[in-house]
Each structure stands twice: as C-alpha cells, then as structure tokens.
Amino acid sequence: MKINVIGLGYIGLPTSLTMANAGFQVIGTDYNKKIVEKLNKGIVTFKEDGLEDLFNNAIKTGNITFTTEYQKVDYYIISVPTPYDKFSKKVDATYVVNAVKDVLNVCEDGATIIIESTVSPGTIEKEIKPIINKKVNLVHAPERIIPGNMIYELKHNSRTIGADSKEIGEKVAEIYGKTTDGEVVVTDIKSAEMTKVVENTFRAVNIAFANELAKICSHDGMNVYEIIRICNKHPRVNILNPGPGVGGHCISVDPWFLVGDYPQIAQLINAAMHINDSMPEFVLKRVSEVLEENNITDYSRVGLYGLTYKENVDDYRESPTLQLLEHQKEHLATPLKVYDPYIKEDIVSNQYHDLHEFLKDVDVVIIMVKHQEIIDNMNLLKDKIIFDTQNVCQLPNVYKL
Ligand SMILES: NC(=O)c1ccc[n+]([C@@H]2O[C@H](COP(=O)([O-])OP(=O)(O)OC[C@H]3O[C@@H](n4cnc5c(N)ncnc54)[C@H](O)[C@@H]3O)[C@@H](O)[C@H]2O)c1
C-alpha cells in the first residue's frame, strides 16, 4: 500500500517516517524545494529528540522517498498549515484546500484523502467537499503530538479517525493502528474536527486560569506558586502553572476557531485567549516594576532568555518572547537582548548565540523558556537580577510572575 504525505513540516515529516517504519511505502511531498533537497541529502529539517534515529531507520527500510511532486497512490495524508484569520478568528483552510486540489489533479477514483491538519468543525463539509470532483474518500485524522515528545507520542497516543462511512473509517484506523499502541477511535468527520479543537481549547482555558491567578496574586502581593501548590493538594483540583504566554501552532491558534465560528457562544474561550495573549505585556510591566525597584533605567542591559514557544525545541512560531518583543517595540526605544540555544539563525535584533556572551552584556535576565540548558547552568545567573516567568530558579535574587 502506498501513501503520499503532503507537507513535510513538524507533523508531516515524523508522520511519514513513522508510516515508513511501520512497513508502508511512503512518498513525502513538500512544495518547498529546500526541505526536499535537505531530506534527500539525509539531513533532518528540525530538532526533535529521536527524530534522527527515526529518519535513519526509515531510510534503511527503503520505504521512503522525498519529492516536490504529488503521486498517484491509494492514500494521501495532508499535513499542511492551518492558521487563523487574525480578523475573523476563523480557520484559514487555504493551504488544505490547495493541497487537496493538487492531490485531485493526480489521484484516481477510489483514493482516500486523509486530512491531518487541524480544522474547525464543519470545515471539511463546507470547504473541502465542494471541490471534490472525483470518487474519493475523505477522512479526518487530527494529530495530537507535542513537540519535544513527538516520537514517543506518535507511537503511544490514541488517535481519532473521522469518516462518513464506518468501513472507510475502520480501514484508515487499521493503518494508524500499525503505527501506534494507543486506541484508534472511529467517529464522524465533524466530531473528529471538533475533538481536536476542543482538546487544545481545554488546555488554553486551563492555562488562562493559572495566568489570571498569577495576575491576581501579583496585584495583591501573594505567591501564586504557593497558592497553586497548596490548592493542588485538594483531591479534585489540578491547576496548571502560569507562564509568560502561549505560543506554537496549536494552543495559541486552534481555540480562536471556535471564537470565530461561534462568537456569541464562545465567551469563556474568547476571554481565556485574551488572557493568554495579555501575558507577554504583563511580563513587560512586571519587569519595568523590577527595574524601578532596583533603580535601573538602562533597558539595554536587560536580556530575554529563550525565544522558542516551549522548552527544548527549536519552534519559535507565535512564541511569547516574540509577542513580548512586539509590545516592547511600541513602548521602549531600547531593544532588549535575546538568546536561545536552539535558534541558530538571526531572527530578531540583538540576538546572541552564546550564553556566556549574552550574560556578559546583561544585568537583568528574564527567563522566558525553561530550556534544560538554563536549569543546568542556573549558577551563572547568581550575580544577575532575575525575572523568572517559569518558576525554575531557586536563587535568592529572583523575582517571579
Ligand atoms: N506543530 C505542531 O505541534 C502540531 C501539532 C498537532 C497538529 N498540528 C497541525 O498540523 C498541521 C501542520 O502543522 P505543522 O506544524 O506541521 O506545519 P509546518 O508549517 O511545520 O509544515 C507544513 C509544511 O507543508 C508544506 N506545504 C504547504 N502547502 C503545501 C502543498 N500544497 N503541497 C506541498 N507542501 C505543502 C509547507 O512547505 C511546510 O513544509 C497544522 O494544521 C497544525 O495545526 C501541528
């Protein structure tokens, strides 16, 4: 059985490798020539624990090739981006629509097109079905893996398969069942679309609750971490940690789809997303208070540790640090210094690529991301003023959210 995976990014690449390792013949297609060239040279295109091994094993099986061309196969897996429209908040399904159109140009009747990209409930019915001009089966198989633990989760997570016909759903479930130990649940397409968005919304709302507590506690001189630690001893309470904001392409994006589609109903979700989005600005405000308390006026000696949206990954899309830098541009003339061990290219001004160089040039360090590097080297900060948004620093000279 041949599978053509369309889109070889954070989701498509590990998915295609996992499929190849499970014994399927896989052709990975991406219209970005650079990605395909790199993969064909044996270079993995992003950092992720275990990805290189997964890649090398897949190549050894002889089951995988990479190309910019779409193929004539039995199964297609679409894993292209689904951003949201910043104005309407609705899902922007353009990439998925275009990828499906490209597939329809080459596929034959009887093929199955599996959409892994996250879409809001009803997107496949409203935006994909009208362009279908062949006898193909449409399936939705949303992906749940988290960067930083992708390879483990690909092998162990439960999956949701949404299909119009139970028979097609079961066939696709059988394919995914060969790649994961987790349960593969078959449902209808709209329910599958909704489950994925709801999962990320659940996370966003719970994070927002912790973030709002951090603001309340900060306002009235209470220690939010102490409060949460004690509350979580209650058998039915499990509060998450507050943080500097939310980034990445899931939790900071997908809940907006529900706000966009159900603006009158999705009030709690709307409020939660605004709270999470307000956190980088809140960090900036707290930092200005800390500087004032220490009689520091020179923002050029303030540095942000971490640019990615979470620890120990190289994905910086929508990251709280980037959001904070946007706010900072509006309010401060002096750009803050920035360092992240995972980002090798220059993506912002005043960016450092060496921890020691960075620390030489700053007196105040804002820990935005809890990369293992800083946890292992916390003693290097002992002479700095530290603002720790992640609650990882136990030094005496530390301020928290
Ligand atoms: N990144 C995550 O952590 C994550 C987790 C779960 C679900 N998702 C969802 O998975 C989907 C993919 O996300 P991603 O992070 O892998 O995106 P990505 O931007 O990393 O990768 C998408 C790839 O698709 C390629 N592409 C786009 N249109 C194409 C086309 N028509 N033909 C061929 N190639 C095309 C792009 O060149 C890019 O390499 C999104 O819907 C996202 O919401 C992402």
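User: How far is a nitrogen atom of the ligand from an N or O atom in the side chain of tyrosine 70?
Analyst: The model is predicted, and the distance is computed from its atoms. A polar contact requires a pair of N or O atoms within 3.5 Å. The tyrosine 70 side chain supplies one such atom and the ligand a nitrogen, and their separation is 2.5 Å.

User: What percentage of the ligand's accessible area does the protein cover?
Analyst: On its own, the ligand has 830 Å² of accessible area.

User: Which helix gives the most residues to the shell around the ligand?
Analyst: The ligand is surrounded by 27 residues. By class they are 14 nonpolar, 8 polar and 5 charged. Domain 1 (2–187) and domain 2 (205–400) each supply at least three residues. With 3 residues, the helix that gives the most is H4 (residues 94–106).

User: Are the side residues of strand S4, Tyr75, Tyr76, Ile77 and Ile78, buried or exposed?
Analyst: In a regular strand, side chains alternate between the two faces of the sheet. Tyr75 and Ile77 lie on one side of S4 (residues 75–78), with Tyr76 and Ile78 on the other. Both faces are covered, and these four residues are all buried.

User: Which residue in S5 is the bridge partner of isoleucine 78?
Analyst: S4 pairs with strand S5 (residues 112–115) in the parallel sense over 4 bridges. Within S5, the partner of isoleucine 78 is isoleucine 115.

Technical notes
Residues are numbered from 1 along each chain as its sequence is written. This is a predicted model: local features need pLDDT of at least 70, side-chain atom pairs count only at pLDDT 80 or more; totals for chains, interfaces and linings use all residues. Side-chain values use heavy atoms; hydrogens and water are left out. A residue is near a molecule or strand if one of its heavy atoms lies within 4 Å of it. A polar contact is a pair of N or O atoms within 3.5 Å; within protein, one must be able to donate a hydrogen and the other to accept it, and residues adjacent in sequence count only if both atoms are side-chain atoms. Accessible areas come from the Shrake-Rupley method with a 1.4 Å probe; for residues, only the protein chains shown count as cover. Helices (H or I, at least four residues) and strands (E, at least two) are DSSP runs, numbered from the N terminus. Ala, Val, Leu, Ile, Met, Phe, Trp, Tyr, Cys and Pro count as nonpolar, Asp, Glu, Lys and Arg as charged, and the others, Gly among them, as polar. Domain bounds come from an automatic or database domain assignment. Buried means under 20% relative accessible area, exposed over 50%, partly exposed in between (1.4 Å probe, protein chains only). Two strands pair if DSSP finds at least two bridges between them.
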